[in-house]
Amino acid sequence: MLLSVENLEVKYGNIQALHGISFHVNEGEIVTLIGANGAGKTTSLYAIARLRPPEAPRVTKGDIRFRGESILDTRPSDVVRKLHLALVPEGRRIFGNLTVQENLQLATYAREKNADLDKDYQRVFDLFPRLAERRNQRSESLSGGEQQMLAVGRALMTGCKILLLDEPSMGLAPVLKYELFRTLKQLNEEGMTILLVEQNAKLALELAHRGYVLDTGTIAAEGTSEELLGNPEVKKAYLGG
Ligand SMILES: Nc1ncnc2c1ncn2[C@@H]1O[C@H](COP(=O)(O)OP(=O)(O)O)[C@@H](O)[C@H]1O
Ligand SMILES: [Mg+2]
């Protein structure tokens with residue numbers, strides 16, 4: 001097991017946001033966490049990325065393990081550098097006044113080594129040709145879809161092997177959503193492990209191998225994507241009947 005979250009409880013101040021949730025991600029999988037707004041999806045990703053308060057919650061119980069070892073004491077920078085986990089945050093958070101190239105370059109400071117740097121730039125530009133065309137453009141001039149590509153590209157430039165994606169389809173036109181999800185599929189086929197958080201449950205389950213349904217800080221259902229897509233309660237609550 002690559003990544004496992006075990007009976008995790010977290011709090012923001014005195015407010016408990018996760019009530020003892022467990023889920024795991026195997027190497028090479030795409031796993032999705034779906035659920036309504038406020039369910040605890042972002043909180044789960046922040047906990048794994050080891051972000052710290054005030055932005056991220058405090059773990060009060062349970063564990064997060066990477067290849068069997070607790071990472072609760074791991075620094076956020078080491079999560080990227082040593083565990084090769086990279087978070088693509090909700091809302092992209094790219095630097096609008098920097099160019100595409102500069103945004104990608106910034107991410108390379110998080111790397112352990114720069115040996116495969118050229119290869120990784122090439123991979124980003126192969127996956128997202130539009131970023132190559134716009135590499136010297138200020139990032140704020142990109143469309144929403146292109147900014148999301150840049151956010152994924154930036155994560156790839158850290159040399160990551162596991163991508164944590166927070167609502168990557170949000171705000172994108174349908175055609176761009178599908179394009180982005182096809183790219184995620186391709187990345188996975190090339191070996192990338194993916195933990196995908198989405199409110200768009202149908203889209204997420206069509207891509208993922210397995211999923212978990214989060215409901216107010218607890219796991220309400222879990223299974224293969226086929227199981228969840230066929231689950232009457234999941235259908236009713238998250239898939240529009
Ligand atoms: N910085 C914060 N301070 C206090 N409560 C927060 C904070 N961030 C999130 N929460 C609360 O934690 C719960 C889970 O939020 P979140 O993980 O953002 O949900 P989701 O990503 O599924 O929409 C919600 O009740 C939310 O109000
Ligand atoms: Mg969220």
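Modeller: Ala, Val, Leu, Ile, Met, Phe, Trp, Tyr, Cys and Pro count as nonpolar, Asp, Glu, Lys and Arg as charged, and the others, Gly among them, as polar. The model is predicted: local features need pLDDT of at least 70, side-chain atom pairs count only at pLDDT 80 or more, and totals for chains, interfaces and linings use all residues. Residues are numbered from 1 along each chain as its sequence is written, chains are lettered from A and ligands numbered from 1 in the order in which they are written, and side-chain values use heavy atoms, with hydrogens and water left out.

Biologist: By class, which residues make up the shell around ligand 1?

Modeller: Around ligand 1 (a heavy atom within 4 Å) are Tyr12, Ala17, Ala36, Asn37, Gly38, Ala39, Gly40, Lys41, Thr42, Thr43 and Pro54. Sorted by class, this shell has five nonpolar, five polar and one charged.

Biologist: Which helix supplies the largest share of that shell?

Modeller: Helices here are DSSP runs (H or I, at least four residues), and strands are E runs of at least two, numbered from the N terminus. Three residues of the shell lie in residues 41-48, the largest share, and that helix is α1.

Biologist: How far is an oxygen atom of ligand 1 from an N or O atom in the side chain of Lys41?

Modeller: The backbone also takes part: a polar backbone atom of Gly38 is 2.7 Å from an oxygen atom of ligand 1, and one of Gly40 is 2.9 Å from an oxygen atom of the ligand. For the side chain of Lys41, the distance is 2.8 Å.

Biologist: Are α6 and α7 roughly parallel or roughly antiparallel?

Modeller: The axes of α6 (residues 144-156) and α7 (residues 174-189) are 10 Å apart, at an angle of about 15°. Angles under 35 degrees count as roughly parallel and over 145 as roughly antiparallel. The two helices are therefore roughly parallel.

Biologist: Where is Thr216, and where is Asn7?

Modeller: Both have positive phi without being glycine, near 40° for Thr216 and near 45° for Asn7. Most residues other than glycine have a negative phi. Thr216 is in the loop between β9 and β10, and Asn7 is in strand β1.

Methods. A polar contact is a pair of N or O atoms within 3.5 Å; within protein, one must be able to donate a hydrogen and the other to accept it, and residues adjacent in sequence count only if both atoms are side-chain atoms. Axes are lines fitted to C-alpha atoms, for helices over the stretch in contact, and angles run from 0 to 180 degrees between N-to-C directions. Angles under 35 degrees count as roughly parallel, over 145 as roughly antiparallel, 65 to 115 as roughly perpendicular and the rest as oblique.
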